[in-house]
Every structure is written in C-alpha cells, then in structure tokens.
Amino acid sequence: MSFFGQQKPRRFHHDYMFVDERKDRLKEIERRAKGELGESEETHAHYDGARLRGRFLNATKYAKRHNARRLGSGVVLSFGVLVVLILLLVAVWRILLCI
C-alpha cells in the first residue's frame with residue numbers, strides 16, 4: 001500500500017550566486033569589534049568607483065566567456081563587412097582587367 005507511504009516532495013533550496021555568508025559574518029564581527037574600540041564606520045566609509053567598476057563582469061562562467069569572446073579579438077569583422085569587402089575587391093579586379 002504505497003498510498004500511506006508516500007514520500008513528500010523535496011523542499012526548494014536556492015543558493016544565492018553573489019552572496020558569501022562567511023564574508024558577511026566576518027564583516028559583522030569586524031563591525032562589532034570596531035564599535036567596541038570606538039571607531040565609527042563613517043570615518044572609513046567611502047565610495048571607490050574604480051574598485052567596483054569591473055567587480056561583476058567576471059562573476060559567472062557565462063559572463064567570462066562572453067567578455068573573452070567580445071574583447072578577445074582586436075578587430076571584429078561581421079559577415080556583412082566581409083561580403084562588402086569581397087564585392088569591393090571583385091569590382092576593383094574587374095576594373096583593373098578592363099583597363
């Protein structure tokens with residue numbers, strides 16, 4: 001009788017991609033220690049845009065691959081540019097043959 005012995009479905013568990021609990025705990029301990037020593041957080045808090053600028057660019061495997069593909073080659077030639085160049089070369093070649 002499997003009706004009485006049914007298993008419950010697995011509970012949903014989601015791990016956040018950009019959260020490090022250990023790091024958050026260390027920051028909290030550090031904040032409490034600074035509070036006990038009398039240092040305020042406002043004296044050390046400042047915005048550093050240069051440090052944060054590229055922080056999320058390489059956060060995931062997809063972003064790393066995408067940025068490497070986009071930034072890896074110096075000059076990116078699309079298919080349309082290649083077709084136009086080939087047509088231009090054919091036109092110059094035909095003009096030179098007619099002269």
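Being three residues apart in helix α1, E28 and R31 are separated by about one helical turn, where helices (H or I, at least four residues) and strands (E, at least two) are DSSP runs numbered from the N terminus. The model is a predicted one, in which local features need pLDDT of at least 70 and side-chain atom pairs count only at pLDDT 80 or more, while totals for chains, interfaces and linings use all residues. Residues are numbered from 1 along each chain as its sequence is written, and side-chain values use heavy atoms, with hydrogens and water left out.

E28 and R31 form a salt bridge whose closest N and O atoms are 2.5 Å apart, a salt bridge being a side-chain nitrogen of Lys or Arg within 4 Å of a carboxyl oxygen of Asp or Glu. E28 also forms a salt bridge with R32, at 3.7 Å between the closest N and O atoms, and these two residues lie four residues apart in helix α1, about one turn of the helix. An α-helix has 3.6 residues a turn, so residues three or four places apart point the same way. E30 forms a salt bridge with K34, the closest N and O atoms being 3.9 Å apart, and both lie in helix α1, four residues apart. Through shared partners, salt bridges join E28, R31 and R32 into one network; the structure holds three salt bridges.

E28 counts as partly exposed because its relative accessibility is 32%, given that buried means under 20% relative accessible area, exposed over 50%, and partly exposed in between (1.4 Å probe, protein chains only). R31 at 42% is likewise partly exposed, as is R32 at 47%.

Helix α1 covers residues 21–37, and its 17 residues should span 24 Å at 1.5 Å a residue, which agrees with end C-alpha atoms 24 Å apart; the expected span is 1.5 Å times one less than the number of residues. After α1 comes G38, whose phi is positive, near 95 degrees.

The protein chain as a whole has four helices and zero strands, and 3% of its 99 residues count as buried. Helix α4 has 20 residues and reaches 29 Å from its first C-alpha to its last, close to the 28 Å expected, and the count of buried residues among these 20 is zero. L96 has its place in helix α4 (residues 79–98), and L96 counts as exposed because its relative accessibility is 57%.
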